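Hi,

Have a look at it first, then read on.

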Amino acid sequence: MSEETKEEVVAEPEVKEEVVETTASEGEVATKTESPHKGFLGKVDNFFGITKSGSRYRVEIVAGITTFMAMVYILMVNAGMFQNVIGGENPYGASYIATALGAVAGTLLMALFAKMPLAQASGMGVNAFIVFTLIIGGTGLTYANCMVFTLLDGVIFLLLTATGLRQKIFEAIPAGVRHAIPVGIGLFIAFIGFQQAGVIINEDSTLVTFASFNVLSETWTWGSVIAPLVALIGVIAIAIMAKKNVKGSILWGILGSAALYYIFAGIGYGAGDDACKKIFDGITISNPFDAFVAWGKDSAGVVFYEGFNFDTYFAIGGHNAGTLVVLLITTALSLCMIDMFDTIGTLYGACAKGNLLDEKGVPLRMNQMMLSDAIATCVGAVAGTSTVTTFVESSSGVAAGGKTGFAALVTAICFFIAMFLSPIAQLIPRSATATALIWVGVLMMTSVTKVKWEDAGEAIVAFLTFIVMALGYSISKGIGIGIIAYILVKLCTGKVKEVSIATWIIGVLFLATFILT
C-alpha cells in the first residue's frame with residue numbers, strides 16, 4: 001500500500017467497536033464493528049460493509065480509480081477491433097459506446113450484487129476470436145450473428161452457474177488444454193497487435209515477415225516506419241513501467257505511444273513526408289453524442305433485429321442448416337469455455353491478492369460473481385459488444401486496498417464518464433493500442449509453466465492447442481484440436497477410461513466441426 005493511501009486511512013474517522021459478552025459456555029467475546037458515518041454515508045457503508053471489512057471510503061475510492069486506470073484501455077482497443085466489422089458511418093463510436101455500456105453494466109453487477117471490488121468489460125481474446133475468426137475469418141457470419149452467439153454464451157454460462165454444471169464442464173477439459181488456452185490466446189492477441197502496428201507484415205513466401213527498417217532501401221520512407229517503431233517502443237515502455245510497479249502502466253503506455261506517434265508524424269510533416277501529411281489532414285473532432293447516435297443505429301439491439309438473419313452464411317457453398325447447428329454449438333461452447341476459464345482464473349488470482357478467500361480457498365461470493373459475469377455478457381450482447389468478463393487488472397485495485405463493492409462502484413462511474421470522451425479516444429492510433437494487445441499477450445504466457453512438459457502426452461496436447469490458435473488464427477480450432485489430441489493419446493496409451501463422458505461429447509462436437517464446416 002502506498003504512503004498516500006496509508007495517510008488516507010489515518011485521516012478517516014476512528015472505528016467504534018462494541019464488545020458484547022456472548023452466552024456461549026466458553027465465555028467468548030464477540031466484537032461488533034459499527035460504521036463511524038451517519039445518514040446516507042452510514043447506510044452506504046453498511047450496505048457494502050466497508051468498515052466491517054476493515055476498509056475506508058478513501059481507500060475504496062483510490063482502489064476503484066486504480067482499477068479503472070489499469071483497464072480503461074479496453075475501450076480504445078475493443079472499439080479499434082470492432083470498427084472493422086460493424087459498418088455504418090461511425091463504427092468506432094458505436095463500438096466504443098457498446099464497450100463502455102458493457103463495462104458499466106458488468107461492473108455495477110459486481111458492485112451491487114456480488115459486492116466485490118472487481119470490474120468487468122469486454123474480454124481480450126474473446127473479442128479477437130469474434131472479430132478475426134468468426135467474422136473476418138470467412139465463416140460468413142455477420143457482426144449481428146456473432147452477437148447472437150455471444151448472447152447464447154451468456155445464457156449457457158448463466159444456466160451452468162445456476163445449476164452447478166459449470167464445475168463439471170470445467171473438469172471435463174484436459175489439464176493440458178486448460179493451461180494452453182491462455183497461452184494460445186496470448187500469442188493470438190500479440191500476433192494481431194503486431195499486425196495492426198505493421199511490425200509483422202505479409203509480403204513474401206513465408207506468409208509473415210518482420211517489418212523493414214532499412215533506411216538504405218529505395219522504398220523506405222519515414223512515414224512507413226512510424227507505426228511499427230512506436231509499437232515496439234511502446235510495449236517496451238509498458239514493460240519498464242510494470243517492472244517499476246507503475247499503476248495503470250498499460251494506459252500510460254498507450255497514451256505515451258500516441259503522443260510519440262504524433263511527434264514522429266510531426267517530424268515527417270515538417271520534412272514533407274506525404275504519409276505524415278495524411279495523418280494530420282485526417283484529424284477531426286466530432287461531437288461526443290455522435291457516438292451515441294451511431295451506437296443506437298448500428299449496435300443497440302442488433303442481436304434481435306439482424307442477428308437471426310444468416311443469409312450471408314448460407315450464401316457460401318457447402319453451408320446448410322446442419323453445418324450452422326454444429327457451428328452454433330461448437331462456437332458457443334468455445335466462447336463459454338474461454339469465458340469460464342478466464343473468469344475462474346481471474347477471480348482466484350484477484351481475490352487471493354486481497355485475502356478475499358474463504359477457509360477453503362474459494363473466492364468469497366463466488367456464485368454471485370459468476371452470475372454477474374454471465375448476466376453482464378447477456379447485457380453486453382444486447383448492447384452490441386463481445387463477451388463481458390472479469391478483468392485481471394482488477395487485481396491492481398485490490399492491491400491498492402479495495403475490499404468491497406464500493407470500489408467497483410467507483411470504477412463503474414469512471415466508465416460512465418468515459419462514455420463521453422469517444423472523440424478524444426478516437427485520436428489514439430492503432431499502433432498505440434497495439435501495444436496493449438502485445439503486452440496482454442506477454443502476461444498470458446505465464447500459464448505455459450503449468451504444463452507438464454516432461455509428460456509427452458500432456459506436452460503434445462498443450463502444444464497443439466496454442467500453436468493452432470496462433471498460426472491457425474483460430475482460438476476455437478486450437479481448443480478443438482487439443483481435446484481431440486487428448487482423446488487420441490489416451491486411446492492409444494491404454495488409458496481411455498480416464499476420458500470422461502463429457503470430454504468425449506465435447507471432442508465429438510469439435511470433430512464434427514472440422515469435418516462439416
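A quick definition before anything else: a residue is called buried when its relative accessible area is under 20%, exposed when the value is over 50%, and partly exposed in between, using a 1.4 Å probe and protein chains only. Helices (H or I, at least four residues) and strands (E, at least two) are DSSP runs, numbered from the N terminus.

Two housekeeping points. This is a predicted model, so to speak: local features need pLDDT of at least 70 and side-chain atom pairs count only at pLDDT 80 or more, while totals for chains, interfaces and linings use all residues. Residues are numbered from 1 along each chain as its sequence is written, and side-chain values use heavy atoms, with hydrogens and water left out.

**Helix 4**

The buried residues are Tyr73, Ile74, Leu75, Met76, Val77, Asn78, Ala79, Gly80, Met81 and Phe82.

**Aromatic pairs**

How many aromatic pairs does the structure hold? There are 19 aromatic pairs. The rule is that rings of Phe, Tyr and Trp (its six-membered ring) pair if their centres lie within 6.5 Å; planes under 30 degrees apart count as stacked, over 60 as edge-to-face, and the rest as tilted.

One of them is formed by tyrosine 57 and phenylalanine 406, edge-to-face at 5.1 Å centre to centre with 80° between the planes. This pair links distant parts of the chain: tyrosine 57 is in helix 3 (residues 57–71) and phenylalanine 406 is in helix 19 (residues 405–418), 349 residues apart. Tyrosine 57 and phenylalanine 406 are both buried.

Another pair, tyrosine 262 with phenylalanine 280, is tilted, at 6.2 Å between centres and 55° between planes. Tyrosine 262 belongs to helix 11 (residues 249–270) and phenylalanine 280 to helix 12 (residues 274–281), so the pair ties together parts 18 residues apart in sequence. Tyrosine 262 is partly exposed at 24% relative accessibility, and phenylalanine 280 is also partly exposed, at 29%.

Back to tyrosine 57: ring pairs link Phe47, Phe48, Tyr57 and Phe406 into a cluster.

Lysine 115 is in the loop between helix 5 (91–114) and strand 3 (120–122), and is partly exposed at 25% relative accessibility.

The backbone is worth a glance here too. Most residues other than glycine have a negative phi. Lysine 115 has a positive phi, near 55°. Asparagine 245 also has a positive value, near 60°. Asparagine 245 is in the loop between helix 10 (222–243) and helix 11, and is exposed, with a relative accessible area of 67%.

**A nonpolar patch**

Phe289, Ile413, Phe416, Ile417 and Phe420 make a nonpolar surface patch of about 490 Å². Patches are made of residues with over 30% relative accessible area and no salt bridge; like charges are joined within 9 Å, and nonpolar side chains (Val, Leu, Ile, Met, Phe, Trp, Tyr) within 5 Å. Accessible areas come from the Shrake-Rupley method with a 1.4 Å probe, and for residues only the protein chains shown count as cover. Helix 19 gives the most to this patch, with three residues. Phenylalanine 289 is in helix 13 (residues 288–298) and is partly exposed at 49%.

**Salt bridge and cysteines**

Which residue forms a salt bridge with lysine 490? The partner is glutamate 498, with the closest N and O atoms 2.7 Å apart. The structure holds one salt bridge, meaning a side-chain nitrogen of Lys or Arg within 4 Å of a carboxyl oxygen of Asp or Glu. Lysine 490 is buried at 16% relative accessible area, whereas glutamate 498 is partly exposed at 48%.

As for disulfides (a pair of cysteine sulfur atoms within 2.5 Å), the count is zero. Cysteine 378 is buried, with a relative accessible area of 15%, while cysteine 492 is exposed at 66%.

Cheers
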